[in-house]
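Have the viewer open as you read.

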Amino acid sequence: MNDPRGSIWRKWDLHIHTPASGDDYGNKSVNNEQIIEALKQNHISAAAITDHHIIDIDRIINLQRIAGTDITIFPGIECRSELGGSESVHFIGIFPNDLNRTQLQSIWTKISASLQITDQDRKDKGENKLYCDLKDSAKVIHQLGGLVI
């Protein structure tokens, strides 16, 4: 969009968690409306939902609906890599915001299969013992049209 004022600085947060992140998210009672309201109160124009080892498709679609045109919501995922020793290196994959439910489901199916992220692994290992190979993961995310940061 062209703005007569020229460039406009906007705040983005490309690393947002929701209750879908498991044990890392403190208040499980937070709902999607509250998440969007907090983003608005903090003047965030764009956010990536990067829960640990999951792309919560229903939540992301719902957040996009609630945010409307006020906030751009990008689907994403955060993974723990094998690197870093006692303090593992985390990385996130971020995907385009205009993907529909079917496209997101396809991406999540391919990521979870390629990186061997199962619901059972998430339950059994928890977020602190589930690892994804950084190089292999980045390759899959890139092949699916995402960015890795």
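## Salt bridges

Asp-70 and Lys-40 form a salt bridge, with their closest N and O atoms 3.2 Å apart; the term stands for a side-chain nitrogen of Lys or Arg within 4 Å of a carboxyl oxygen of Asp or Glu. Asp-70 lies in the loop between α2 (57-67) and β3, while Lys-40 belongs to helix α1 (residues 32-41), so the pair ties together parts that are 30 residues apart in sequence. Helices (H or I, at least four residues) and strands (E, at least two) are DSSP runs, numbered from the N terminus. Lys-40 is partly exposed, at 33% relative accessibility. On this scale buried means under 20% relative accessible area, exposed over 50%, and partly exposed in between, with a 1.4 Å probe and protein chains only.

How many salt bridges does the rule give? The count comes to three. One of them joins the side chains of Arg-101 and Asp-58, at 2.4 Å from N to O. This pair links distant parts of the chain, with Arg-101 in helix α3 (residues 101-114) and Asp-58 in helix α2, 43 residues apart. Arg-101 is partly exposed at 41% relative accessible area, and Asp-58 is exposed at 52%. Arg-59 also forms a salt bridge, with Asp-56, and there the closest N and O atoms are 3.2 Å apart. Arg-59 counts as buried at 17% relative accessibility, and Asp-56 is buried at 19%.

## About the model

This is a predicted model in which local features need pLDDT of at least 70 and side-chain atom pairs count only at pLDDT 80 or more, while totals for chains, interfaces and linings use all residues. Residues are numbered from 1 along each chain as its sequence is written, and side-chain values use heavy atoms, leaving out hydrogens and water.

## The sheet

Five strands make up an open sheet with mixed pairing, in the order β1-β2-β3-β4-β5. Two strands are taken to pair if DSSP finds at least two bridges between them. At the edges stand β1 (11-16) and β5 (147-148), each with a single partner strand, so one side of each is left without a neighbour in the sheet.

Let us follow the pairings along the sheet. β1 pairs with strand β2 (residues 44-49) in the parallel sense over four bridges, and Asp-13 stands opposite Ala-47 in β2. β3 and β4 pair in the antiparallel sense over five bridges; here Ile-77 is opposite Gly-93 in β4. β4 and β5 also run antiparallel, joined by two bridges, with Ile-94 opposite Leu-147 in β5. Strand β4 (residues 90-94) is mostly covered, as four of its five residues are buried.

The structure holds zero disulfides. Both residues are covered: Cys-79 is buried at 1% relative accessibility, and Cys-132 is buried at 2%.

Cys-79 sits in strand β3 (residues 72-80). Setting aside residues up to four places away in sequence, Cys-79 touches His-53, Val-89, His-90, Phe-91, Leu-115, Ile-117 and Cys-132, where contact means heavy atoms within 4.5 Å. From C-alpha to C-alpha, Cys-79 and Ile-117 are 9.8 Å apart in space, and 38 residues apart in sequence.

## Helix α3

At 1.5 Å a residue, the 14 residues of α3 should span 20 Å, and its end C-alpha atoms are 20 Å apart, which agrees; the expected span is 1.5 Å times one less than the number of residues.

Which residues of α3 are buried? They are Leu-104, Ile-107, Trp-108, Ile-111 and Ser-112. Seen down the helix axis, the buried residues of α3 fall within an arc of 120°, so they line one face of the helix; the arc is that of the directions from the helix axis to the C-beta atoms. An α-helix has 3.6 residues a turn, so residues three or four places apart point the same way. The buried residues of α3 pack against α2, β3 and α5 (134-143), whereas the face turned away from the buried side carries the exposed residues Thr-102 and Ala-113.

Conventions
A disulfide is a pair of cysteine sulfur atoms within 2.5 Å.
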